[in-house]
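This report goes through a few local features of one chain. Please keep the sequence and the structure in view while reading.

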Amino acid sequence: MPSEIENPRILIMINKVSKYLQSENCDLLSAMNYIKSLRSAINDMCSECNFKCIYDLTVSMCTNLDVTIPKPKKRKISQRIDNRGSNQFFPDTNEQEDKK
């Protein structure tokens, strides 16, 4: 793993649950508790601040590794759903595109 990743918390949590689920002494009750705990932790991480922090870290890592970040593509949304184009959202930045 690159040293630029300072806090891969989500990967550590997922790996811990994954290893437990693959172990021979895995029981159903404990497995469900691990999964509920993981889901809860991931939901807690899905806040505006955490998204911004993770996104900024990702952009800085891409910049340090000379990885180009493509611009978001303007996607056409069906006019059959809504005839008013003013209601449609077209992201201007990658951050808006990835947030969904």
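Which residues make a nonpolar surface patch, and of about what area?

## Nonpolar surface patch

The model is a predicted one. Its nonpolar surface patch covers about 440 Å² and is made by Leu21, Leu28, Met32, Tyr34 and Ile35. Helix 2, residues 28-45, supplies the largest share of this patch, with 4 residues.

Ile35, one of the patch residues, belongs to helix 2. Its relative accessibility is 31%, so Ile35 counts as partly exposed, the cut-offs being under 20% for buried and over 50% for exposed. Tyr34, also among the patch residues, is partly exposed as well, because its relative accessible area is 30%.

## Helix 2: length and faces

Helix 2 has 18 residues, and at 1.5 Å a residue these should span 26 Å. The C-alpha atoms at its ends are 26 Å apart, which agrees with that expectation.

Which residues of helix 2 are buried? They are Ala31, Leu38 and Met45. Viewed down the helix axis, the buried residues of helix 2 fall within an arc of 55°, so they line one face of the helix. An α-helix has 3.6 residues a turn, so residues three or four places apart point the same way.

The other side of helix 2 carries exposed residues: Leu28, Leu29, Lys36, Arg39, Asn43 and Asp44. Of these, Leu28 is also part of the nonpolar patch.

## Aromatic pair

How many aromatic pairs does a search of the whole structure find? It finds 1. The pair consists of Tyr20 and Tyr34, with ring centres 4.5 Å apart and ring planes at 20°. Planes under 30 degrees apart count as stacked, so this pair is stacked.

Tyr20 lies in helix 1 (residues 9-22) and Tyr34 in helix 2, so the pair ties together parts that are 14 residues apart in sequence. Is Tyr20 buried or exposed? Tyr20 counts as buried because its relative accessibility is 16%, below the 20% cut-off.

## Pro70 in a loop

Pro70 sits in the loop between helix 3 (48-64) and helix 4 (94-99). With a relative accessible area of 63%, Pro70 is exposed, since the cut-off for that class is over 50%.

What separates the C-alpha atoms of Pro70 and Thr93? The distance is 9.9 Å, while the two residues are 23 residues apart along the chain.

Notes:
Residues numbered from 1 in each chain as written. Predicted model: local features only at pLDDT ≥ 70, side-chain atom pairs only at ≥ 80, totals over all residues. Heavy atoms only, no water. Helix = DSSP H or I, 4+ residues; strand = E, 2+ residues; numbered from the N terminus. Buried < 20%, exposed > 50% of the residue type's maximum accessible area, 1.4 Å probe, protein only. Patch = residues over 30% accessible without salt bridge, like charges linked within 9 Å, V, L, I, M, F, W, Y side chains within 5 Å. Areas by Shrake-Rupley, 256 points an atom, 1.4 Å probe, with all protein chains shown as cover. Salt bridge = Lys/Arg side-chain N within 4 Å of Asp/Glu carboxyl O. Expected span 1.5 Å × (residues − 1). Arc of directions from axis to C-beta. Phe/Tyr/Trp six-rings, centres within 6.5 Å; stacked < 30°, edge-to-face > 60°.
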